[in-house]
Amino acid sequence: MVETSYIPQTLEEALRIRKETGAKPLAGGTDLMVMHRRGTGVVPSFPWPVMIISSLEELKYIRREGDDIVIGSGTTCHAIEDDPSVPYAVRTAASLMGAESLRNLATIGGNVCNASPKADLPVPLIMMDAKVTLVSATGSRTLLLDEFITGPKETDLKDDELLLEVRIPLPEKDYSHVWYRKIGTRKANAISKLSLSAAVTLDADGFIKDFRSANGASGPKVARSTEVEKILEGKNVTEIPSVLEQFLDAYDAILSPHAMPTYRRLSTRRMLAHFLTEVASGTQNMIVT
Ligand SMILES: Cc1cc2nc3c(=O)[nH]c(=O)nc-3n(C[C@H](O)[C@H](O)[C@H](O)COP(=O)(O)OP(=O)(O)OC[C@H]3O[C@@H](n4cnc5c(N)ncnc54)[C@H](O)[C@@H]3O)c2cc1C
């Protein structure tokens, strides 16, 4: 049984309720309802008051602001996968989350605030240096998503705050190659066993201007190291084979998988090697799944 629930009609009302009661936000409910389920046909019981925010239209938007794409926290994964203005890796990650019925409910805000190391969207978002804006009745703040997620299922969200939006800086020039790839038990409706997002920008002579990659489900939070990325930056694609092992060894050191470590380490290695080999051979620009 839900002990106390609130259904605010505006963001202002939601922030007041959050400040006065600390009620926990429920967006699509696809994480919260499952976490607190008590069996088929039985209404879940929550140990705290709940605030249902799924009807707040003010949190549902995707828009361009300067060089950023900004996504309201109440935007569903289905709306994200359907919007061509959203960067490719983020759209692809959204499209691979569960079944269509789930994606119609699941929100970007819930995926980010649930902070599961296996979640799909934080992987390309952190790879792209996305930021989050948190709002409360008294103000707002913006920080890197990588800093907002502090550990498995842990964030820096304060008791009176809501996640307002996720802000993705667009690359200066479109990536030459970009990936979001997920390994799950099966293609549909499966949480990641491992995921990888990678992107590279080449100049006209084949030199790597920008390389970035991030991993999900391979540690307490999304793994990324800008130091390791620098091993590839400035190299020509023809030099990839000669630095590949050095890069993969350095990348391996940033992973800290808890379960099935050998499987996760070797699979990450193979996926990255695959991506970089395709970059070196110039075969494909974009890969889905
Ligand atoms: C069958 C099934 C399959 C799934 N498959 C995948 C998958 O493939 N990939 C994947 O990543 N996930 C998957 N999930 C998990 C889940 O669907 C996603 O994490 C989803 O994005 C959560 O969004 P939601 O809106 O339903 O979150 P909710 O359950 O409503 O909330 C999740 C958490 O976020 C908080 N929250 C929500 N919105 C805000 C806000 N605006 N401000 C502050 N806090 C907020 C809530 O308080 C709660 O702590 C699956 C779940 C199920 C049940």
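Student: What share of the residues in the protein is buried?

Tutor: In this predicted model, buried residues make up 49% of the 289 residues.

Student: What makes the protein agree with a compact globule?

Tutor: The rule for 289 residues gives a radius of gyration near 19 Å, and the protein has 20 Å, so the two agree. Along the principal axes, the C-alpha trace spans about 60 × 40 × 30 Å.

Student: Why is a set of residues called a nonpolar core?

Tutor: Its members must be buried residues of kinds such as Ala, Val, Leu and Phe, joined through side-chain atoms within 4.5 Å. The largest such set here has 38 residues, and Leu121, Leu125 and Val132 have the most contacts inside it. Helix H4 (residues 88-95) gives the most to this core, with five residues. In soluble globular proteins, nonpolar side chains tend to be buried together.

Student: How do you know which domains this core draws on?

Tutor: At least three of its residues come from each of domain 1 (5-169) and domain 2 (177-288). Apart from this core lies another, of 26 residues, including Leu196, Leu255, Ala273 and Phe275.

Student: Which residues does Val132 touch?

Tutor: Leaving out residues up to four places away in sequence, Val132 touches Val112, Arg141, Thr142, Leu143, Leu145, Phe148, Leu163, Glu165 and Val166. A touch here means heavy atoms within 4.5 Å.

Student: Why is strand S6 said to be largely enclosed?

Tutor: S6 covers residues 131-136, and five of its six residues are buried, so the rest of the structure largely encloses this strand.

Student: How do you know that S6 pairs with strand S7?

Tutor: Pairing requires at least two bridges between the strands. Six bridges join S6 to S7 (residues 139-144), so the pair qualifies, and the two run antiparallel. A hairpin through two residues joins S6 to S7.

Student: What makes S6 and strand S10 a pair?

Tutor: Five bridges join S6 to S10 (residues 162-169), against a requirement of at least two, so these strands pair as well. They run antiparallel. In S10, Leu162 stands opposite Val135.

Student: How many helices and strands does the protein have?

Tutor: There are eleven helices and 14 strands.

Definitions and conventions: Residues are numbered from 1 along each chain as its sequence is written. This is a predicted model: local features need pLDDT of at least 70, side-chain atom pairs count only at pLDDT 80 or more; totals for chains, interfaces and linings use all residues. Side-chain values use heavy atoms; hydrogens and water are left out. Buried means under 20% relative accessible area, exposed over 50%, partly exposed in between (1.4 Å probe, protein chains only). Helices (H or I, at least four residues) and strands (E, at least two) are DSSP runs, numbered from the N terminus. Domain bounds come from an automatic or database domain assignment. The radius of gyration is taken over C-alpha atoms; the globule rule is 2.2 Å times the number of residues to the power 0.38.
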